[in-house]
Structures are given as C-alpha cells and as structure tokens.
Amino acid sequence: MRYIYSTLGKLSSEQLGMILPHEHVFVDLRTPDKPGYGQADTASVLALMVPQIEAIQALGVTALVECSTGGVGRRADLDLAVSLATNFPIVVPTGNYREPWIPAWVYSADEDELFNWMLAELTTEIEQTGFRAGWIKLSAGDDGITPLEARILRSATRAAVETDALIGSHTIRGSVVMDQLDIVEAQGGSPERFLSIHTQAEPDFALHRAIAARGAWIEYDNVGAVPVAESADLILRALDAGLGEQLLISHDRGWYDPALPNGGVPKPYTVVSTELIPLLRARGVPEDTILQLFHRNPFKAFSRH
C-alpha cells in the first residue's frame, strides 16, 4: 500500500480524491535573518486561511500540498492548526530552499546532518507537531545549482531513497533540472521520484519533454496567474506529447504573509476547479484524463510506502 502523509496522518487513495499539488498556506519570502521572519499569531492565520480551505472543500478538493519549505517560512504548526480547524489534510515538506533563503544552521551542516534531519522529519515527525513530512522540497538557482544547493540535493536524495519520498524542486530553467537529475542518479536515486516545479516557466517545450523522458514529473503550477486559456493550451500540448501520466497542475496560490498587514490578501485556490477543469472538458479532454491529472497523478507523485 502507498499513502500520502499529511497533517491528519497517512491517507490511502481510497480516502482521497482531487488533490492540489502546489499551494501555500503560510510563506515568508524574507530571508531567515530578517527581524520577525516566520512569526504570526495563530488566530490571525486561521481567520485568513480557514475560509480559503473551506472554499475548496466545498468544490470537492480533498487535500492540498503545502510547498513552503525551510528558508521561506515553513510553519508546520500553523499548517496543522489550519488543518485541524477544517478537518482538511495538508501535506507538508521537509527540506530547504535555495540561496540566499537558507537557514543559518544549514550552511555549516554536512550531508549526514542534513540527511538525518530530513529522514527524521519523514519518518517520525516535523518539529513537535506529531505528524510526518510528506515529501522533500528544495530549489536551485536560476543560473545553476550552487555547491550548497547540491549538498542539500545529495542529502535529499539519500532520504528519498530511504523513504521513497518525492523530491520537488523550484527550478526555473530546464537545463538546471537536467543537472539536478544527474546528481539524483549519481546518488542512486530515481528521476521518477523527482518533480520539476514551475516547469511552465521554461519556454523551451522540448525541455519539458526531455525532463519527462528521464522519468521525472513536470508541474504546471501558475493557474490563475495567467489567462486560464493559456494554461489549457499548455496542458493540451503536454497531453498531445504523451506527457499526461507525468503531469501535475496547480495554482501556487494562497497565502498568509507575515510581512504584510494582517497577512495580506490571499489569492483563492479555486481557479482549477471553477475555470480550468470546465474549460478542459469543453475542449474535449476525456473524464478519465481529468481524473488522472487531478486525482491519480498527485496521489502517485506524493504517496510512499
């Protein structure tokens, strides 16, 4: 059996339906050395984010993947609070972002320390929350992976091999993703357990195909940030190219931002359900393909033994 590990425990495919694979409940894009970084009042976060979760629950969404990782304000305790207030599972990552969004301790940590930390969060619990990390989130610089980012990736690959967890990386350029896959394979990892986040940002569609040809997942996660017809066009192009079994789709929306008054104004997670899926149906995408893209693929990507 495979399960998704969430704030509400491990869940089987029978317990889940539609999953949004790239969203944010809480993010702080200031670097970790800034005063007030990652700080917020729980009640304020609940007031802002509970209605956002309730809106997608009403549309039939059954889980959301939190993509805020170490260095960009991951607050597993706040994810848990929102989850418990709505009885809605949130899948939270271990891992670290890219430079300069790196917590101070990571700079001096060796590969074994990083590996052991990620492994513990994947197999025991995140901090003192009582739930396990569901996956590993990291990143690489737009101009190439730095030595520190490579160290994090090597450690993440070891943790992924140990647990079958997915590694997802915010990597804008497809050529850098290919370099990351080289590192994964050199560490004995499988590209099939690697997700190229923000694949739509790579303008060369041949690289979308090349990444998928190596076995990795690709993700189009800017739904709502661009015209929905533009998202549909790209999805249909990927389906025509035979990439449907490796494609994830989401918004990259939310979220409570502690750098803004009262957390800012969240962008809803509803566009996929209310606009994109109806448009895909209208353009002839079969219902089974809809289920594959929004139900089966996210579960397969984020689930593990």
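Modeller: What follows takes up one serine, then a helix. This is a predicted model, in which local features need pLDDT of at least 70, side-chain atom pairs count only at pLDDT 80 or more, and totals for chains, interfaces and linings use all residues. Residues are numbered from 1 along each chain as its sequence is written, and side-chain values use heavy atoms, with hydrogens and water left out.

Colleague: Is serine 250 buried or exposed?

Modeller: Serine 250 counts as buried because its relative accessibility is 0%; buried means under 20% relative accessible area with a 1.4 Å probe, protein chains only.

Colleague: With which side chain does the side chain of serine 250 make a polar contact?

Modeller: That of glutamate 23, at 2.5 Å. A polar contact is a pair of N or O atoms within 3.5 Å, where, within protein, one must be able to donate a hydrogen and the other to accept it, and residues adjacent in sequence count only if both atoms are side-chain atoms. A polar atom of the serine 250 side chain also lies 3.0 Å from the backbone nitrogen of histidine 22.

Colleague: Changing topic, which residues of α4 are buried?

Modeller: In α4, the buried residues are Leu114, Phe115, Met118, Leu119, Glu121 and Leu122. They line one face of the helix, because they fall within an arc of 165° seen down its axis, the arc being that of the directions from the helix axis to the C-beta atoms.

Colleague: And what is at the start of α4?

Modeller: There, a side-chain oxygen of aspartate 110 reaches to within 3.1 Å of the backbone nitrogen of aspartate 112. Helices here are DSSP runs (H or I, at least four residues), numbered from the N terminus.

Terms used:
Buried means under 20% relative accessible area, exposed over 50%, partly exposed in between (1.4 Å probe, protein chains only). Helices (H or I, at least four residues) and strands (E, at least two) are DSSP runs, numbered from the N terminus.
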